[in-house]
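Subject: Structure handover and notes

Dear colleague,

Please find below the structure I promised to pass on to you. My notes follow it, arranged by element so that you can read them with the model open.

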2 protein chains.
Amino acid sequence: MLGTASQTPTRSRHHNGYFVRWDTEGLLFDPGEGTQRQLLMAGVSPWAITRILLTHLHGDHCLGLPGVVQRMSLERVAHQVDLVFPRSGLPFVDRLLHASVFDDCTDLVRRPVAGPGTVVDPPPFTIVARRLEHRPETFGYRVEEPAGRTILRRRLDELGLEGPAIGELQRGTAVRVGTRMVSLDEVSVERPGQVLAFVMDTALCDAAFELAAGADLLVCEATFADADAALAAEFNHMTASQAGRLAAESGARRLVVTHFSQRYPDPEVLASEARLLHPDVVVARELLRVPVPPRRAGGRDRAVGAVQR
Amino acid sequence: MLGTASQTPTRSRHHNGYFVRWDTEGLLFDPGEGTQRQLLMAGVSPWAITRILLTHLHGDHCLGLPGVVQRMSLERVAHQVDLVFPRSGLPFVDRLLHASVFDDCTDLVRRPVAGPGTVVDPPPFTIVARRLEHRPETFGYRVEEPAGRTILRRRLDELGLEGPAIGELQRGTAVRVGTRMVSLDEVSVERPGQVLAFVMDTALCDAAFELAAGADLLVCEATFADADAALAAEFNHMTASQAGRLAAESGARRLVVTHFSQRYPDPEVLASEARLLHPDVVVARELLRVPVPPRRAGGRDRAVGAVQR
């Protein structure tokens, strides 16, 4: 959590910025002004960033982009970095990427999102976009790890399998046991893929439920308290209660509330409203690290390895 | 002092940003990323800003501009604000001012600087630009208060002047004393105007001396220590010693060194080098307030009022 403020920063809150470590990837969501330095404060190297995703082109969600990209360039980040954003925001993205004089040596690939659907689909995850209810055009994102298989030690022992045979099974090749062929399915159980949902800025809407469905971690805006629900409705934002309801009804396991209006010096006010509706609510605070809940169990046996397929 | 870092922010230093209160005016120099929040931390309202001056279009000197302008717009700042910048930087300024979606209700007047000379010349000061030695095109600025007169109580008493006559003298009208007319000059001494010089980024050059000549306060980059003088020369930056020499040889009264390379965790290293050459060196630190030295005395008598003319 690099920043947690909506619209106006406060003495304790920076503008938005969320960095997700996901295996070898690093996803940076909505870099608001100051993200470059907040990454430094969090101990995240510019080299750790592999994708940057913007929900929309309001300043508190994107004015940190020039600094991040210029810092990546300065540090000679050599790998490709995807930049995902609403296609209608392209003129702004172009300006942000050429906002000041620098020697651009990044390998930044623009991935404009024209409408709902799959944005990127390489391993180790799929990113799906859904259009949210906010102006200008706003997309929420859902990062889905494909389901895999967890190999069970008990089944291997029963069949007398060991050594190279296990590697072959992991690669999807059936192996001979006595007179028959054994496949991966026979020695493993399904390992559900993990899911991260990123929902901001928006009024509560069907798309938000689609994004959050069964998510392991739901990062969601909670700009207003119940007492200011009229403001939330007027500006297409969510209340903390709505975030709690979204998490509960969509079966999300852990909810992180963030993007707080400056009118709430203590965001616990908002979290307590969300907690009436969901048992696992984390209040985003600057430089807080929030773990994704441990993977849902696929089988009760002790696993020896996991594969994706 | 809102930010003191060159190129790369550090855990203790933000990117540049300098706010000068000058009578009813507020001059914001080189707003780097994060200036919007640093103004908040310093207790400076967006309404206090009357002029924004950019020396050049490197990111550490301008990426905070969108946030500042958007914040001014959000707070409905009603007065005109001048934006002064090198004319060659206009394409970047245009992008910075339209970097993200917002409802622009500022009254921002662009003042592109085409070459050395007077940039703005209204009361209460004149702003002069000089081209510095740095790429891209860079201007340093000198803010000059015009000289005025300080009326002396002793002379008024000698002539028996009081009440409305003093007001007339202040407005430049001669007043009758017995059989002759007395002018402002006869009852006053010159009050030197105060001068602020802002010199960054640059190699030490003649223009820097012109800007700093007799300045009451000289804010100057001191990116490198003597040991790294080769780097300073390579990248057209100054060492702290050069800043000290500039202040000493130009007769500047107080030197503020800033714009420190990340390689110096403790900028006192740099200040100590400058102090070998000038007696009044202030090390810029985040949120430090630096007073302009008291006005040079124009006369020894107790003054009753001051006028500019």
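I begin with strand E15 (residues 254-258) of chain A, where five of the five residues are buried, so the strand is largely enclosed by the rest of the structure. Please keep in mind throughout that this is a predicted model. In a regular strand the side chains alternate between the two faces of the sheet. In E15(A), A:Arg254, A:Val256 and A:Thr258 point one way while A:Leu255 and A:Val257 point the other way, and all of them are buried.

As for its partners, E15(A) pairs with strand E14 (residues 217-221) of chain A in the parallel sense over five bridges, and within this pairing A:Glu221 has A:Thr258 of E15(A) as its bridge partner. E15(A) is also joined to strand E16 (residues 281-283) of chain A, by three bridges and again in parallel, with A:Val282 of E16(A) as the bridge partner of A:Val256. Between E15(A) and E16(A) the chain passes through helix H9 (residues 268-275) of chain A, and this β-α-β crossover is right-handed.

Chain A also holds an open sheet of five strands in the order E1-E2-E3-E4-E5, with mixed pairing. Strand E1 (18-22) and strand E5 (107-113) of chain A stand at its edges, and each has a single partner strand, so one side of each is left without a neighbour in the sheet. On average, neighbouring strands of this sheet are turned by 20° against each other, direction ignored. Strand E4 (residues 80-86) of chain A runs parallel to E5(A) and is joined to it by seven bridges; A:Asp82, for instance, has A:Val109 in E5(A) as its bridge partner.

Two helices of chain A belong with this description. Helix H2 (residues 65-74) of chain A lies across strand E2 (25-29), strand E3 (51-53), E4 and E5 of chain A, and runs at about 170° to E3(A). Helix H3 (residues 90-97) of chain A packs on the sheet as well, touching E4 and E5 of chain A, with its direction at about 140° to that of E4(A).

Nine of its 10 residues are buried, so helix H2 of chain B is largely enclosed by the rest of the structure; among the buried residues are B:Pro66, B:Gln70, B:Arg71 and B:Met72. The cover over the buried residues of H2(B) includes strand E2 (25-29), helix H1 (35-41), strand E3 (51-53), strand E4 (80-86), helix H3 (90-97) and strand E5 (107-113) of chain B. After H2(B) comes B:Arg76, with a positive phi near 55°.

B:Gly251 follows H8(B), and its phi is positive, near 75°.

Turning to the aromatic rings, a search of the whole structure finds six aromatic pairs over all chains. The rings of A:Phe29 and A:Phe198 have centres 4.3 Å apart and planes at 25°, so this pair is stacked. It links distant parts of the chain, with A:Phe29 in strand E2 of chain A and A:Phe198 in strand E13 (residues 195-199) of chain A, 169 residues apart. A:Phe29 is buried, with a relative accessible area of 1%, and A:Phe198 is buried with a relative accessible area of 1%. Ring pairs link A:Tyr18, A:Phe29 and A:Phe198 into a cluster.

In chain B, the rings of B:Trp22 and B:Phe125 have their centres 5.5 Å apart and their planes at 85°, so the pair is edge-to-face. B:Trp22 and B:Phe125 are both buried.

Finally, there are charges over rings to note. A:Arg95 lies over the face of A:Phe92, at 5.0 Å from the ring centre, and in chain B the charged end of B:Arg95 sits over the ring of B:Phe92, 5.0 Å from its centre.

With best wishes

Methods: Residues are numbered from 1 along each chain as its sequence is written. Chains are lettered from A and ligands numbered from 1 in the order in which they are written. This is a predicted model: local features need pLDDT of at least 70, side-chain atom pairs count only at pLDDT 80 or more; totals for chains, interfaces and linings use all residues. Side-chain values use heavy atoms; hydrogens and water are left out. Two strands pair if DSSP finds at least two bridges between them. Helices (H or I, at least four residues) and strands (E, at least two) are DSSP runs, numbered from the N terminus. Axes are lines fitted to C-alpha atoms, for helices over the stretch in contact, and angles run from 0 to 180 degrees between N-to-C directions. Contact means heavy atoms within 4.5 Å. Buried means under 20% relative accessible area, exposed over 50%, partly exposed in between (1.4 Å probe, protein chains only). Rings of Phe, Tyr and Trp (its six-membered ring) pair if their centres lie within 6.5 Å; planes under 30 degrees apart count as stacked, over 60 as edge-to-face and the rest as tilted. A charge sits over a ring if NZ of Lys or CZ of Arg is within 6 Å of the ring centre and within 35 degrees of the ring normal. A crossover is right-handed if, with the strands pointing away from the viewer, the path from the first strand over the helix to the second runs clockwise.
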